[in-house]
Every structure is written in structure tokens, then in C-alpha cells.
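Reader: I am new to reading protein models, and I would like to go through this one slowly, with some questions and answers about its surface and its backbone.

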Amino acid sequence: MTKLTEIPYGSLFRIEWSDETRETVEDVLESDPVILTGTAAKQGWDFQMRFEHRDHISKLQSDLSHHDVTVELKRLHTPETPTVDGQFLLTSKQRTALNSALDSGYFEVPRETNLSELAEELDISQQALSKRLRRAHRTVSRHILTTGPNEIADDRLD
């Protein structure tokens, strides 16, 4: 393992796997995961992964057990309905409202637009827009807060 660089919240490393480990990594990749994070420790690795199908998780556990790799599933999160292209289960109207709000500066401090102007731009009532934004915010927040400990160590973003 070679340290490449320091980044604000950790370091980036280049890892060269042994032949035995390479086979294990290939088994992991054959289960077709999206690897979100990987953290090494003395006790082993901690990965956050997403799978398209639950049976891919079972296949991975089975494949890894053949390599005498112990797997501990710490959390299994299943959305009520599948996500579409990582869009956090938002409806197209919610996604449009959020994008318009972001683009118009609604979430800036101070705001660059208000709910009335944004609702007029979207040709809906203020009440409908307010509900749509709250529902979208709830959906995105639930998704983010249930996918693991992704805390930002720097409070400059407050």
C-alpha cells in the first residue's frame, strides 16, 4: 500500500493486492456492487456497497466464505421502491422543484428568490410548491441519513 496524497478528511492510497486477495476482490466485483466507501483497519475492511438485487448480497457472502473471509452485514437498507439513477426516489415534479429552487437561489443565505416567485416560475401555487419542496427534502434527508455515517468534519458549511 502506497500513500498517494492527503485530502481534507483522510488520505488516498494505491493498493497492490496479493494473488489470493486479488481473487477475493474479483469475487466481490462479480457480485456487481456499487462500492460507495472502503476503509481499512487492523481488523479488516469496512465497505459500504449498494446492490441492484438482494440475491447479489447472498452470492457475495457465499463466494467470500469459500475464501475463508468473514463477512458481517452491519446494516441493510431497502428503499420502499427502487431508486432511479440515484435520484433518491423523487418524483419528476419534486426533482424539478428542487432543481429550480437550487438554480434560482432559493436555498442561498440570504435567499435570491422567494416561494412566490419560484411558484410563479413553475406555474403552481405557493402552497403546492411548499408541500412539494418539503416532501422532496424529507425524501432526500431520509435517504442520506440512512445510508451510513457520512459526517462532514468541517463546520464551515453551516
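Author: Helices are DSSP runs of H or I with at least four residues, and they are numbered from the N terminus. Please keep in mind throughout that this is a predicted model.

Reader: In which helix does Ser100 lie, and does Ser100 count as buried or exposed?

Author: Ser100 belongs to helix α3. A residue is called buried when its relative accessible area is under 20%. Because the relative accessibility of Ser100 is 10%, Ser100 counts as buried.

Reader: Leaving aside neighbours within four places in sequence, which residues is Ser100 in contact with?

Author: Contact here means that heavy atoms lie within 4.5 Å of each other. With the neighbours within four places in sequence left aside, the residues in contact with Ser100 are Leu118, Glu121 and Leu122.

Reader: Which residues gather in the patch of negative charge on the surface?

Author: For such a patch, Asp and Glu count as negative, and a residue needs over 30% relative accessible area and no salt bridge. One of the members is Asp68, which is exposed because its relative accessible area is 71%. The residues that gather in this patch are Glu20, Glu23, Glu26, Glu30 and Asp68.

Reader: Where is Asp68 placed, and what is its phi?

Author: Asp68 sits in the loop between α2 (54-65) and α3 (92-104). Its phi is a positive value in a residue other than glycine, and that value is near 60 degrees.

Reader: What is the phi of Asp123, and is Asp123 buried or exposed?

Author: Asp123 is found in the loop between α4 and α5 (126-145), and its phi is positive although the residue is other than glycine, with a value near 60 degrees. The cut-off for exposed is over 50% relative accessible area. Since Asp123 has 70% relative accessibility, Asp123 counts as exposed.

Reader: Which residues make the nonpolar surface patch?

Author: Trp45, one of the members, lies in strand β4, which covers residues 44-50. Trp45 has a relative accessible area of 41%, so it is described as partly exposed. The patch has an area of about 390 Å², and the residues that make it are Leu29, Ile35, Trp45 and Phe47.

Reader: What is the omega of the peptide bond from Val109 to Pro110?

Author: Pro110 is found in the loop between α3 and α4 (115-122). The peptide bond that runs from Val109 to Pro110 is cis, and its omega is near -5 degrees.

How values were computed
Residues are numbered from 1 along each chain as its sequence is written. This is a predicted model: local features need pLDDT of at least 70, side-chain atom pairs count only at pLDDT 80 or more; totals for chains, interfaces and linings use all residues. Side-chain values use heavy atoms; hydrogens and water are left out. Patches are made of residues with over 30% relative accessible area and no salt bridge: like charges are joined within 9 Å, nonpolar side chains (Val, Leu, Ile, Met, Phe, Trp, Tyr) within 5 Å. Accessible areas come from the Shrake-Rupley method with a 1.4 Å probe; for residues, only the protein chains shown count as cover. A salt bridge is a side-chain nitrogen of Lys or Arg within 4 Å of a carboxyl oxygen of Asp or Glu. The place of a charge is taken as NZ of Lys, CZ of Arg, CG of Asp or CD of Glu. Helices (H or I, at least four residues) and strands (E, at least two) are DSSP runs, numbered from the N terminus. Buried means under 20% relative accessible area, exposed over 50%, partly exposed in between (1.4 Å probe, protein chains only).
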